[in-house]
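Here are some notes to read alongside the model, written for someone new to looking at protein structures. Take the points one at a time and find each place in the viewer as you go.

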Amino acid sequence: MGKLKPNKRNSVASASSPYSKAQATTNNVFKFNTNVGQHILKNPGVADAIVLKANLKPSDTVLEVGPGTGNLTVRILEKAKKVIAVELDPRMAAEVTKRVQGKPEQKKLEVLLGDVIKTELPHFDVCISNTPYQISSPLVFKLLSIPNPPRCSILMFQREFALRLVARPGDSLYCRLSVNAQFFAKITHVMKVGKNNFKPPPQVESSVVRIEPKTGSERPGVSWNEWDGMLRICFVRKNRTMRASFLGTKEVLAMMEQNYRRYCSLNDIALDETEIDEDEAMELDGVAEEEEWGGIMDVDDDGDDTPSFFKQETERIFRESGSKTKAKKPKTRVGLLVKEKIRKVLEDETELADKRAGKCDENDFLRLLLAFNQEGIHFNS
């Protein structure tokens, strides 16, 4: 019997297709884009363990972020009622769809093409993700801040990021992410995952964490924006004292003054707009505490450029006030009042002025926020 010759026209067409490599070999579907965190989990034992830790119910709808080629997806479909898979790469979306094509599981899978951070998500009970490292922090914040958070999330992260999530006050990795995550959820480290369990292998080790958002009476009755807004200031440099963080940066003082003005406007509180002299203006610009905190610049590497945030906020404040340049905006006694209120909160009411954010626990931050609010200072943007 003669050999079947390949159709040359089809061969040429397939060579230009993104799936040409998939047609050539089943072991190499296509080239993974590691620039967007594409490291496919290849160890079936690890995939089984992740799904097991989710404690899925037959009635659950599961959100999977970054399904890749579907190694986790097919296992979730065996346990859950429905899987909503959000995938940024059209090639991956096509691949995971192809894995269940013509099977009963096809009706249980919904693939959303796009960026999960920007996507408006439908209701889901559980989130499972081999998370692309670029969206680790935004994904955690999104899952914790939605009105009806999932029952639990089983998420794979780079090892250092996972350890930040569970870090405690005084730990070297303790940061704004640690406080935010633990304030709104119970977080446990589930297991370590070596780099050789992925294809292609990443440069760092990974870990799986379980996040269970606090609900009902356990959920803090604190505005997310308010809480996180204050923490942004506290953790500009976590080894600075609270005094330096709040009183040593003119951008922070300007933002807090604007927020206080907004509060007074909403509550019909009159303000003293008397302009101040040069000596008082210099005092209002903040105090340099470089020697006090030793010049340590311990920047939290969780994907948030906090100093830039405050500079942008200052620019926004001046735009809203109608000023064309910072120098043309007169300084008034309102700024001095706000600065005195900050001093009172830090030194008299909470006695946290000389404490550093990296050593403060959840109760310290709660006391601080309450004291600021009682003085009419809020942190909503």
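**Notes on the predicted model**

1. Let's begin with a helix. Helix α6, which spans residues 136–145, is mostly covered, with eight of its 10 residues buried. The buried ones are Ser-136, Ser-137, Leu-139, Val-140, Phe-141, Lys-142, Leu-143 and Leu-144. Notice that a lysine, Lys-142, is listed among these buried residues of α6. As you look, please keep in mind that this is a predicted model.

2. Next, find the sheet. Seven strands form an open sheet in the order β4-β3-β2-β5-β6-β9-β7, and their pairing is mixed. Which strands stand at the edges? They are β4 (109–113) and β7 (185–193); each has a single partner strand, so one side of each is left without a neighbour in the sheet. On average, neighbouring strands here are turned by 20 degrees against each other, with direction ignored.

3. Now move along the sheet to β5 and β6. Strand β5 (residues 126–130) runs parallel to strand β6 (residues 152–158), and five bridges join the two. You can pick out individual partners: Val-126 has Cys-152 as its bridge partner in β6, while Cys-127 stands opposite Ser-153 of that strand. How enclosed is β6 by the rest of the structure? Six of its seven residues are buried, so β6 is largely enclosed.

4. Strand β3 (residues 82–87) is mostly covered, since five of its six residues are buried.

5. Ala-185 has its place in strand β7. Is Ala-185 buried or exposed? Ala-185 is buried, with a relative accessible area of 3%.

6. A word about the cysteines. How many disulfides does a search of the whole structure find? The search finds zero. Cys-127 is in no disulfide, and the nearest cysteine sulfur, which belongs to Cys-152, is 9.1 Å away. For a pair to count as a disulfide, the two sulfur atoms must be within 2.5 Å. Cys-234 is in no disulfide either; for this residue the nearest cysteine sulfur is that of Cys-360, 7.2 Å away. Both residues are hidden from the surface probe: Cys-127 is buried with a relative accessible area of 0%, and Cys-234 is buried with a relative accessible area of 0%.

7. Empty space is worth checking too. Rolling a probe the size of a water molecule over the atoms shows where empty space is left. In this model the count comes to one cavity of 30 Å³ or more. The largest cavity has a volume of about 80 Å³. Which residues line the largest cavity? Its lining consists of Ile-40, Leu-41, Glu-64, Gly-66, Pro-67, Gly-68, Thr-69, Asn-71, Leu-72 and Asn-130. Sorted by class, that lining has four nonpolar, five polar and one charged residues.

8. Finally, take a look at some backbone details. Most residues other than glycine have a negative phi, and most peptide bonds are trans. The peptide bond joining Lys-199 and Pro-200 is cis, with omega at about -10 degrees. Pro-200 lies in the loop between β8 (198–199) and β9 (206–213). Asn-55 is not a glycine, yet has a positive phi of about 50 degrees; look for Asn-55 in the loop between α3 (44–53) and β2 (61–65). Glu-351, also a residue other than glycine, has a positive phi near 55 degrees. You will find Glu-351 in the loop between α14 (333–349) and α15 (362–374), where Glu-351 is exposed with a relative accessible area of 66%.

Methods: Residues numbered from 1 in each chain as written. Predicted model: local features only at pLDDT ≥ 70, side-chain atom pairs only at ≥ 80, totals over all residues. Heavy atoms only, no water. 1 Å grid on protein atoms, 1.4 Å probe; cavity = no way out; pocket = protein on both sides within 12 Å on 5 of 7 lines; lining within 4 Å. Points joined across faces, edges and corners; volume = space filled by probe spheres on them. Nonpolar A, V, L, I, M, F, W, Y, C, P; charged D, E, K, R; others polar. Buried < 20%, exposed > 50% of the residue type's maximum accessible area, 1.4 Å probe, protein only. Pairing = 2+ DSSP bridges. Helix = DSSP H or I, 4+ residues; strand = E, 2+ residues; numbered from the N terminus. Axes fitted to C-alpha atoms, helices over the stretch in contact; angles between N-to-C directions.
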